[in-house]
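The two exercises below are meant to be worked through with the sequence and the structure in view. Each task is followed by a solution that goes step by step.

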Amino acid sequence: MSKNNTATDKPGKTGKWTRRAFIGAGVVAGSALVVGVAVRQGNPIDRLSPLLAKGENERLLNAWVKVDADNIVTAVIPHVEMGQGVYTALAQMLADEMDADWNKVRILEAPADMQYVSDSIARDFLAPDLDVPAIFEPTVTGGILELAQAMGLQFTGGSYSVRATGQRAMRTAGAAAREMLVAAAASEWQVPAGEITTANSMILHAGSGKSEPFSKFALAAAEQSLPAKPTLKSPENYTIMGQPKARHDIPAKVDGSAVFGIDAQVPGMKYAAVRAAPVVGATIESMDASAAKTMPGVLQILNMGDFVAVVADGYWQAQQALNSIDAKYSKSEGDSLDQDALFARYATHLDEAGDDGGDMETETGDVAKGFASAAIKVEAEYKVPFLAHATMEPMNCTAWVRDGKCDVWSGHQAPVNARQAAADAAGLPFEDVTYHNAYLGGGFGRRSESDNITMATRIAKATGYPVKMIWSREEDTAQDHYRPSATSRFRGGLDKDGKAVSWDNIHTHLFDPKDAPTVPYYNIASHKIRKVDVPTQLRFGPWRSVDHSQHGFFIESFVDEMADAAGKDGYTFRRELLAGSPRHLKVLDTAAKMSGWGSALPEKHGRGIAFVPSFGSIVAQVAEVDMSGAKPKVKKVYVAADPGFVINPDGFTAQMESAIAYGLTAALYGEITLKDGKVQQSNFHDYPMLRINEMPEVEVALINGDHKHLGGGGEPGLPPIAPAVTNAIFAATGKRIRELPLSKHSFA
Amino acid sequence: MIKLNVNGQSREVDVDPATPILWVVRENLEMPGTKFGCGIAQCGACTVHLDGKPIRSCSTPVSAAEGKSITTIEGIASEDGTLHKVQQAWIEAQVPQCGYCQSGQIMSATALLLKNPQPTDAQIDAAMAGNVCRCGMYNRIRTAIKAAAGIELTTVQETVA
């Protein structure tokens, strides 16, 4: 998903891992005693301490937690907050294992530092004395691999934070810190560690009546060796995990004080407006900036080759001047391309692949035989368009390049990547770049790209003074990294009893996650899934739930078509396909039951069901749609979700609501189209958003199906909503929707 | 020089009178709580009050505010720091996710309750439909507005099996 893996000491994927790390060392840094876990030679704690523990007498217990003199426990969160509640959920995981007093827990986002991209931290916590072959034991292998993906890039996305960093690192860090504190107290009090208990950031010994706050032993704890495998709690002992704790980031988001990337303030800062060449790959051949030059406040007009920038005293002045500039662009390969031509290109590639071509993704059983002998055959083709992210905060970045140093301010899903992008653009070593991350005004995958960082740094390098670059909404819409448009074709076979026996799918593109087109949870005797790679012209970028966003629609629409061909309703048909998977069935049954599946509805109303496991979580949704008007009105959505164990029920529920709104916006309206190679949409009037009067009621049931294997929260609520709605439309009207968005279709 | 009253304080700014209020507030007066979203009055992120009425500050020139009172998100809490009842309800209902649109949402909601202390659902829709929330927290916004208005709520049950 992200490109620049800049960790320098990553062990190879195979072979013996040479341990360069060591554990547990206290160092004095300045006047504050800072203690932590050193994981590399050249102990990084003295370098990290000024970044993390700025106060007097603050003690850093390990890379993810510090305890200060007032007994405040600070969780250092190696992920960014974009509304998904990660600060709070991860802090809950650490604090619970540590037995910290939740009211005295503070949160600090980790700096964009290599320390936090090191998966060796994870290895040290999980299995410090093992080298690679031994690490790959079943109990920890998955965890380390997951963690390496998430932490290896200090990346926030892929619904990874809780299930990887939280489950594997934050909990372990909290438990380790607790054990070190207990060991220190046991040594001081001369009592067995087993007699010591902890609660609410206090260390207690019942026999002697002694009790002291964590802070009392924070220093001595640092002298203790780090436990290799600290004991984690069982769910019955959780006191903070599983509770709907209020989010730490919310108070600052109701009084205007939350600082987003666009709010960066740097003394002497100027403002830049930018316009990139409208066709990907084109450059500026010439431009007429004669009017812009005379406009008030304009300082510099820059032809950057691939984009024009106007720098002015204020952003509005810069944008007004930019609007007056007429630029001519070079010819590009994509100049003649429009949307129909692109879908025609997809069709050509799919036709060429035929029944057996393309790249095989998965194959089970004999699909050809299964299909040939099927009593009922079903075939369908589905299409989805490009989608922009349309984060509420338009892309922006503030940069300052001077004296061989560079400072950059923005909100980014992968701060280390942002720092590297700035270093590359400034022509400076990574160490000479400081990256300041702020809250993200929406991420959804868009802020995992670094194009804005690169552009702002290039502008700042050209000017020499600090510059805040802000994209107009028009630029944000037309220069996104899009969810690709795609086509998917299916052939399915049913036996005489209406049981699915074969599944044949071929689709365009495959990005991430690789399992998005697959249906291993559905019990179908033979299936075959293939892809063809087709150039898409526009830049691809991860868009909330990534490939699941289209495959959820493709798969669950086709399952519904098969159900209809079998003469069964969508719920019953899916129940049969999930027979033998009790955990999956429970989720499906819960959603159906909540919705009153099968009960009478008003005229021209319909219910549709969809079921998509993604990012480790299982989600079923039933949508109730009113088709009595000119366009579909989604009245209510019932959600059942099993992410293994829900760390913060209110936060997880909010993610389901949010994913439904995001996915429903796309299902109803979302469509980026091309004409002459250019994106035609520009702002919210032609790329519309769901609004409050269109928001369905959402009812959520949470299921804790497997506390040892957690799933994600930010994305899994999205893939089922489009097919739940289109299946409901079919139930209400008999009209099968095979292309999104719904605004393309007439329901009059 | 343009004379303004912002959050009860007299301010003077030396800007082109055509400059939208949004940029004057954010850049000249250094109050960044009011947000830029679309620039064409389509999303509501920039909503402030002009004499108590909600306006889209991205599309309203500062000249239109001369002699009138501007209220921004920074100006709705009491002087002692007590949050406005709408802000309190926003925390109680855990409304914001990314939070970027929330200044505008809260300014639209406070203006609604100023004019109509007991809004119906349809009136909430009408007053709030100009404010986009990409995180889709519309149901919580509705809940919070009703809570701030003291309207009885029918809460959606959340169950953990």
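**Exercise 1.** In this predicted model, work out how many residues of chain A are in contact with chain B, and then describe the side of chain A that touches chain B by element and by class.

*Solution.* Of the side of chain A that touches chain B, H18(A) provides the largest share, with nine residues. Finally, sorting that side by class gives 33 nonpolar, 15 polar and eleven charged residues.

**Exercise 2.** Determine the strand order and the pairing of the open sheet of three strands in chain A, and find the helix that packs on the sheet.

*Solution.* First, follow the strands across the sheet: the order is S7-S8-S9 (chain A), and the pairing is antiparallel. Strand S7 (196–199) and strand S9 (210–213) of chain A are therefore the edge strands, since each pairs on one side only, where pairing requires at least two bridges. From one strand to the next, the twist averages 20°. Then examine the pairing of S7(A) with strand S8 (residues 202–205) of chain A, where four bridges join the two antiparallel strands, and where Ile196(A) stands opposite His205(A) in S8(A). Lastly, turn to helix H7 (residues 214–221) of chain A, which packs on the sheet by touching S8 and S9 of chain A, and whose direction makes about 80° with that of S9(A).

Notes:
Residues are numbered from 1 along each chain as its sequence is written. Chains are lettered from A and ligands numbered from 1 in the order in which they are written. This is a predicted model: local features need pLDDT of at least 70, side-chain atom pairs count only at pLDDT 80 or more; totals for chains, interfaces and linings use all residues. Axes are lines fitted to C-alpha atoms, for helices over the stretch in contact, and angles run from 0 to 180 degrees between N-to-C directions. Two residues are in contact if their C-beta atoms, placed from the backbone, lie within 7 Å. Ala, Val, Leu, Ile, Met, Phe, Trp, Tyr, Cys and Pro count as nonpolar, Asp, Glu, Lys and Arg as charged, and the others, Gly among them, as polar.
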